[in-house]
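Trainee: I have a new structure open. Can you walk me through it?
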Amino acid sequence: MRSCPLNLRIFQLFGVLLMTATVSSLLPAQSARSEKIVIAHRGASGYLPEHTLPAKAMAYAMGADYIEQDVVMTKDDQLIVLHDITLDRTTDVADRYPQRIRDDGRFYAIDFTLEEIRTLNASEGFNLVGGEKQQRYEQRFPMATSSFSVPTFAEEIELIQGLNRSTGKDVGIYPEIKSPEFHREAGKDISTAVVNLLKHYGYTNKSDKIYLQTFSYEELEMISTQVFPAAGVELNLVQLIGSEDSYRWMLQENGMTKLANHADGIGPEKGLVVSRRSTKGNIEISELVSRAHEAGLKVHPYTYRLDAGQVPQYANDFDDLLRLHYFEADIDGAFTDFPDRVVEFLKAVK
Ligand code: G3P
Ligand code: CA
């Protein structure tokens, strides 16, 4: 165990007891560097538009251990790789199909066939400001240049499996089932469709290089107890954890133990691991990682970004942020838009 140069404060969630102690006296033995992984969040999305096949190929070449897919369904029940259930933040759908807008001003993937979605140009994410498109991350790939498309989930699996074949590597996939309740209300069982496609491509048991993730605990439990048995598969499942308010029971003392009945890991927002209240001289590490490890769960927080304003002020720089999370808080892996930087960081500390 590395000794800690800072006065580290371990914070308990929900304002229970605040304890001050040295990390070495409280945390279990760290996982070995060789077990720590890098997950390319939406691909190498810091460099190329998120969830495009070029962004995935770049992440692969940068040495990511796993590449993430967010998965949603089209009108004709095809699985596509798209972060939002709507198309308007990352494509030109509003220009191409203006009449397909819903009353809420959005363009839903579920209202479009795959053939229609294939006609769209994908780009860096943007917001509409005064009717003008404004790129969300200004220093990233220019929004109005080049041409990209929205891939199907099958196309992306074939890309990664093809690269595994041609390079001899074994890079994993990390699909997220997006908004399962929304899909169910529209009469679509996205989880069964995803699991069946995974089975088709050979992902059938926990030793396969895949983590299947969702923010919905109800869906995770259903996948574990119904969808997997029906398909005759058993894959690693990850429970994503967002705000404290929505996941309160999981963050209580026995939450991780209960979760371990159905999950193999958690994907918490990174502020649940190292508090955003932390300062340079007072790093507050929660008990979440140690509780998860005691329950046998992996911990893969999100999202580690280099862009201006994205490195929390308690860290000196991006590498310091990674050091605090990987080696002081002892996370097992991280979702990052900049997989090259995290791969380099982990190599350097070997
Ligand atoms: O799935 C991990 C991370 O990607 C969760 O955040 O919103 O980018 O899907 P989001
Ligand atoms: Ca995701």
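Predicted model: local features only at pLDDT ≥ 70, side-chain atom pairs only at ≥ 80, totals over all residues.

Trainee: Which residues are around ligand 1?
Mentor: Among them are His41, Arg42, Asp70, Gln213, Phe215 and Tyr302, counted by a heavy atom within 4 Å.

Trainee: What lies 2.7 Å from an oxygen atom of ligand 1?
Mentor: A polar side-chain atom of His83. For Lys178 the distance from a polar side-chain atom to a ligand oxygen is 2.9 Å, and for Glu68 it is 3.0 Å. The cut-off for a polar contact is a pair of N or O atoms within 3.5 Å.

Trainee: How much of ligand 1 does the protein bury?
Mentor: Of the 290 Å² that ligand 1 exposes when taken alone, the protein buries 91%, by the Shrake-Rupley method with a 1.4 Å probe.

Trainee: New topic. How many cavities of 30 Å³ or more are there?
Mentor: The search of the whole structure finds 1. A cavity here is a set of points on a 1 Å grid over the protein atoms alone where a 1.4 Å probe fits but cannot get out.

Trainee: What is the volume of the largest cavity?
Mentor: About 60 Å³, as the space filled by probe spheres set on the points. His83 is in its lining too, including also Glu50, Thr90 and Pro151, where lining residues have an atom within 4 Å of a point.

Note on methods
Residues numbered from 1 in each chain as written. Chains lettered and ligands numbered in written order. Heavy atoms only, no water. Polar contact = N/O pair within 3.5 Å; in protein donor to acceptor, adjacent residues only side chain to side chain. 1 Å grid on protein atoms, 1.4 Å probe; cavity = no way out; pocket = protein on both sides within 12 Å on 5 of 7 lines; lining within 4 Å.
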